[in-house]
Amino acid sequence: MIAGAVIVAVPGGTPAAAQDEAGFRTYLDTLGREALAQGVTRRTVDMVVPTLTLNPRVIELDRQQPETRPNAPIPAFEPYRRQHLSAALIAQGRAAYQRQRSRLAAIERETGVPESIMVAIWGHETSYGKVMGGFDLPRALATLAYEGRRRDLFSSEFIATLKMIDRGVPRGKLVGSWAGAFGGPQFLPSIYLRLARDGDGDGIADIWSSEADTLASIANYFTNAGWRPGQPWGFAVSVPAGLNRGTLGSRAVSPRCPRVHERHTRWKTMAEWRALGIVPLKRAWPGDSVQATLLEPDGPGKTAYLLTGNYRVILDYNCSNFYALSVGLLADEVES
């Protein structure tokens, strides 16, 4: 026993930790049966499920997530931007961009997804493959499913992990973040099964150690999510002091991440935004018919952004305005 550890008793005299572990073992039996019913082989279930134990650290990290505090105030974007668009991240991104130019160009020709966007996702997710997590994925996902806050999601992802093993992914490769994402793109298991791609022609979608596979898989995700070639993700703008924001509210309610989307105005064409006095800060206007929403992440008087449908594709990858803005801004820096 660790010195100073406290054992919490529950009715009947059984320590809480032991009770949790017993409940977890019972739940694993249920998960194993569900996996078998969904076509996972008995061999894989018997190889993985009996080896798993509850991971209290994973539960602790999950309960610290912002979505568990839905009414918390939204912080300013600028401190986040400074932290997540560091000079080091930009410099490493430019180096990765130049190192991979021929491969990136080939993927962009095939998919229409810009080279810089692929690199920016890679950089934000894993610092270009340097930080990919050290949690055992089956253990983490089974723990999150047992904890129950998002049981349907994590039980499905646990079963998808077992299907990866059935497809030939070595058990030892199944290491990633506490929330179940892994590899250079930080895919969840179900996303890996659907969208991971072999980018170097060796017949394996190895997003753990192949940069080619990582970049091809990111591009495939964006293509699947509806990226429109030839359109920017968005751009910084200045907003006239007299803009009547009361006329720009959107009545649409997003079924996914509504708090993220409710910060955006209604859609207007670039021609309409120009007529309202919006001025791009660093780039020329795209085509007049391209539609965009306005986002002022730090409020009136600060840098604002016009955001196209391609920005919503970045949100599909990670439903956070701060994340999506940082990806777009990093992409711009990488190719500058």
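Analyst: Y317 counts as buried, because its relative accessibility is 13%. The cut-offs are these: buried is under 20% relative accessible area, exposed is over 50%, and partly exposed lies in between (1.4 Å probe, protein chains only). This is a predicted model, in which local features need pLDDT of at least 70 and side-chain atom pairs count only at pLDDT 80 or more, while totals for chains, interfaces and linings use all residues. Residues are numbered from 1 along each chain as its sequence is written, and side-chain values use heavy atoms, with hydrogens and water left out.

Now the rings. The structure holds 19 aromatic pairs. A pair means rings of Phe, Tyr or Trp (its six-membered ring) with centres within 6.5 Å; planes under 30 degrees apart are stacked, over 60 edge-to-face, and the rest tilted. Helices (H or I, at least four residues) and strands (E, at least two) are DSSP runs, numbered from the N terminus. F187 is buried as well, with a relative accessible area of 2%.

A second tilted pair joins W233 and Y305. Here the centres are 6.5 Å apart, with 35° between the planes. W233 is in the loop between helix 11 (211–224) and strand 3 (234–238), and Y305 is in strand 7 (residues 304–307), so the pair ties together parts 72 residues apart in sequence. W233 is buried at 4% relative accessibility. Y305 is buried too, at 5% relative accessible area. Both rings belong to one aromatic cluster, made of F77, Y80, W233, Y305, Y311 and F322.

Two arginines also sit over rings. A charge counts as over a ring if NZ of Lys or CZ of Arg is within 6 Å of the ring centre and within 35 degrees of the ring normal. The charged end of R151 lies over Y27, 4.5 Å from the centre of the ring. R274 is placed over the face of W285, 5.5 Å from the ring centre.

What packs around these rings? A nonpolar core is a set of buried Ala, Val, Leu, Ile, Met, Phe, Trp, Tyr and Cys residues joined through side-chain atoms within 4.5 Å. The largest such core has 84 residues. W233 is among those with the most contacts inside this core, along with F158, Y192, F222 and I314. Helix 15 gives the largest share, nine residues. Contact means heavy atoms within 4.5 Å. Beyond four places in sequence, Y192 touches M164, V169, F182, F187, A205, I207 and W208. A separate core of twelve residues includes L243, L248, A304 and L306.

There is also a covalent link. How many disulfides does a search of the whole structure find? One. A disulfide is a pair of cysteine sulfur atoms within 2.5 Å. C257 and C319 form it, with their sulfurs 2.3 Å apart. C257 lies in the loop between strand 3 and helix 12 (258–261), and C319 in the loop between helix 14 and helix 15 (321–334). They are 62 residues apart, in distant parts of the chain. C257 is partly exposed, at 25% relative accessible area. C319 counts as buried, at 16%.

Finally, the whole protein. It has 15 helices and seven strands. Of its 336 residues, 45% count as buried. Residues 24 or more positions apart account for 70% of the contacts with a separation of 6 or more. Confidence is given by pLDDT, the predictor's score for each residue from 0 to 100. Its mean is 91, and 92% of the residues reach 70 or more. Residues 1–16 stay under 50, and the model has eight contacts beyond four places in sequence for them.
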